Amino acid sequence: MGFLSMQQTWRALCSSPLSRPAVFGVFFLWGALISGASVQGVLLPLGVAALAATPSGMLLPTAAGVMAALLLYGGLQGIRYSAACAVLVAVRLLFKESRSLRSLFWFEPLLAGTVTLSTGLAMLLSGDGDLMFGLESVAAALCAALFKQAAEALLVLRAGGQPAEGRRWALTATLCLT
């Protein structure tokens, strides 16, 4: 008996009666894992990027995972990214029905970058921040673009199709980051 293809595995996972809770759990864990990423003690804005790029149906489980990990991480960075995530989720829920905005490629990266930039600026003005928020907002936007391509590759796989080469690479890079 050979290995199942990626499409067959995804289709079998989605057709299972327990698939919805299992997928919720996967997105919760992914959000928690990705948001806790740090380099030399500096928290990366990957949780913000993940929330910007997560499909609408999986926004709440991903947000729960991201917020739980950020609040457990603690510190000023965890609080700042938690505030950015709360604003981002509110904006995403506000524009949930707006298909015209969600179909634009730049919407999610711009949203992630803007929210990260605004919370960083607020922290700087309060006297507790530094100028790293400029680089963090660019990183959040770039990671949101990567995660969006990976999410679209998963949706194509779920529909039984074959994702484009660039989206397959984005999916591979996202799995490697996790």
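Is T116 buried or exposed? Keep in mind that you are looking at a predicted model. T116 sits in helix 7, and its relative accessible area is 0%. Since buried means under 20%, T116 counts as buried. To see what surrounds T116, set aside its neighbours within four places in sequence: the residues in contact with T116 are then P45, V48, R80, Y81, E136, S137 and A140.

One of those contacts, V48, takes us to helix 3, where V48 is buried along with L46, G47, A49, A50, L51, A52 and A53. That is 8 of the 8 residues of helix 3, which spans residues 46-53, so this helix is largely enclosed by the rest of the structure.

Now turn to helix 5, residues 75-94, whose axis comes within 9 Å of the axis of helix 3. The two axes cross at roughly 5°; angles under 35 degrees count as roughly parallel, and helix 3 and helix 5 are therefore described that way. On the helix 3 side, the residues that meet helix 5 are G47, V48, L51, A52 and A53. Their partners in helix 5 are Y81, A84, C85, L88, V89 and R92. Y81 is also among the contacts of T116.

Finally, let's return to helix 7, which covers residues 107-126 and also holds L110. With 48% relative accessibility, L110 is partly exposed. Together with L104, F105 and W106, L110 makes a nonpolar surface patch of about 390 Å².

Definitions and conventions
Residues numbered from 1 in each chain as written. Predicted model: local features only at pLDDT ≥ 70, side-chain atom pairs only at ≥ 80, totals over all residues. Heavy atoms only, no water. Buried < 20%, exposed > 50% of the residue type's maximum accessible area, 1.4 Å probe, protein only. Helix = DSSP H or I, 4+ residues; strand = E, 2+ residues; numbered from the N terminus. Patch = residues over 30% accessible without salt bridge, like charges linked within 9 Å, V, L, I, M, F, W, Y side chains within 5 Å. Areas by Shrake-Rupley, 256 points an atom, 1.4 Å probe, with all protein chains shown as cover. Salt bridge = Lys/Arg side-chain N within 4 Å of Asp/Glu carboxyl O. Axes fitted to C-alpha atoms, helices over the stretch in contact; angles between N-to-C directions. Parallel < 35°, antiparallel > 145°, perpendicular 65-115°, else oblique. Contact = heavy atoms within 4.5 Å.
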